[in-house]
Amino acid sequence: RLDSKEPLQSYRQSYFAIVAMNFGPIADMVKGDIPWDLEMLQGWAKDLETVTELNLLRGFAPGSEKGTTRAKPAIWDNMDDFEAKLTDLSDAAKALDKAAEGGDRAAIAEAVKATGGTCKACHDDYKSKD
Ligand code: ASC
């Protein structure tokens, strides 16, 4: 429906739901909050990499900033920077997938830290606290 912003907002919220459903348990596992299971971690890392390959900017089309989501209007005023930060996420997810495939726990922990950093960098500027 061209007259509704709902599909765009749903599209991007779906993307972030999949990101969180995969990065969340990876981070929990690296922290030791859940038991270490490399095969499970590898599956999550693969799905995280896969979803971050999608063109999320489709969901942030001009005019879709007005709504009830936590996306700050600053996104649409700084679209090049926002896009660069999304690329940082997909690059980090790719490196994390590689580390997961390698299986070295310290390398995985480093890659998780780097990936979390790309989440936070974007949230600081572009995600409303409430
Ligand atoms: C998560 C999560 C985030 C990021 C961020 C990383 O697991 O939900 O928003 O990691 O906390 O700093």
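## Burial and overall form

A residue is buried here if 20 or more other C-beta atoms lie within 10 Å of its own. By that criterion, buried residues make up 21% of the 130 residues in the chain. The model is predicted.

The chain has 5 helices and 0 strands, and its elements run α-α-α-α-α from the N terminus on. Its radius of gyration is 16 Å, close to the 14 Å that the globule rule gives for 130 residues, so the chain is as compact as a globular protein of that length. Taken along the principal axes, the C-alpha atoms fill a box of roughly 50 × 25 × 25 Å. Among contacts with a separation of 6 or more, 70% join residues 24 or more positions apart.

Helix 1 covers residues 6-31. With 26 residues, helix 1 reaches 36 Å from its first C-alpha to its last, close to the 38 Å expected at 1.5 Å a residue. Its buried residues are Asn22, Phe23, Ile26 and Met29. What covers these residues includes helix 2 and helix 5. An α-helix has 3.6 residues a turn, so residues three or four places apart point the same way.

Helix 1 is followed by Gly32, which has a positive phi near 90 degrees. Pro35 sits in the loop between helix 1 and helix 2. Pro35 has 7 other C-beta atoms within 10 Å, so this residue is exposed. Between Pro35 and Glu110, the C-alpha to C-alpha distance is 18 Å, at 75 residues apart in sequence.

## Helix 4

Helix 4 covers residues 79-102. Its 24 residues reach 35 Å from first C-alpha to last, close to the 34 Å expected at 1.5 Å a residue. The buried residues in helix 4 are Phe82, Leu89, Ala92, Ala93, Leu96, Asp97, Ala99 and Ala100. They pack against helix 2, helix 3 (74-77) and helix 5. After helix 4 comes Gly103, with a positive phi near 85 degrees.

## The largest nonpolar core

In soluble globular proteins, nonpolar side chains tend to be buried together. The largest nonpolar core of this chain has 17 residues, of which Ile26, Leu41, Ala45, Leu48, Leu96 and Ala100 touch the most other members. Helix 1, helix 2 (38-52), helix 4 and helix 5 each give two or more residues to this core. Helix 4 gives the most, with 6 residues.

Which residues does Leu96 touch, not counting those up to four places away in sequence? With that exclusion, Leu96 touches Ala45, Leu48, Ala111, Val112 and Thr115. Of the residues named here, Leu96 is buried in helix 4, and Ile26 is buried in helix 1.

## The shell around the ligand

The residues around the ligand are Ala20, Phe23, Gly24, Ala27, Gly116, Cys119, Lys120 and His123. Helix 1 and helix 5 (105-126) are the elements that give two or more residues to this shell. By class, the shell has 4 nonpolar, 3 polar and 1 charged residues. Phe23 belongs to this shell and is also one of the buried residues of helix 1.

## Positions along helix 5

Ala107 lies in helix 5. Ala107 has 15 other C-beta atoms within 10 Å and is therefore partly exposed. Not counting residues up to four places away in sequence, Ala107 touches Ala99 and Gly102. Ala107 and Glu83 are 24 residues apart in sequence, and their C-alpha atoms are 27 Å apart in space.

Asp125 counts as partly exposed because 14 C-beta neighbours lie inside 10 Å. Tyr126 has 19 C-beta neighbours inside 10 Å and counts as partly exposed; the threshold for burial is 20 or more.

The C-alpha atoms of Asp125 and Phe82 are separated by 9.1 Å, although the two residues are 43 residues apart along the chain. Tyr126 and Arg70 are 56 residues apart in sequence and 8.4 Å apart in space, C-alpha to C-alpha. Leaving aside residues up to four places away in sequence, Tyr126 touches Ala71, Lys72, Ala74, Ile75 and Phe82. Phe82 is one of the buried residues of helix 4.

How values were computed: Residues are numbered from 1 along each chain as its sequence is written. This is a predicted model: local features need pLDDT of at least 70, side-chain atom pairs count only at pLDDT 80 or more; totals for chains, interfaces and linings use all residues. A residue is near a molecule or strand if its C-beta atom, placed from the backbone, lies within 6 Å of it. Helices (H or I, at least four residues) and strands (E, at least two) are DSSP runs, numbered from the N terminus. Ala, Val, Leu, Ile, Met, Phe, Trp, Tyr, Cys and Pro count as nonpolar, Asp, Glu, Lys and Arg as charged, and the others, Gly among them, as polar. A nonpolar core is a set of buried Ala, Val, Leu, Ile, Met, Phe, Trp, Tyr and Cys residues joined through C-beta atoms within 7 Å. A residue is buried if 20 or more other C-beta atoms lie within 10 Å of its own, exposed if 12 or fewer, and partly exposed in between; C-beta atoms are placed from the backbone. Two residues are in contact if their C-beta atoms, placed from the backbone, lie within 7 Å. The radius of gyration is taken over C-alpha atoms; the globule rule is 2.2 Å times the number of residues to the power 0.38. The expected span of a helix is 1.5 Å times one less than its number of residues.
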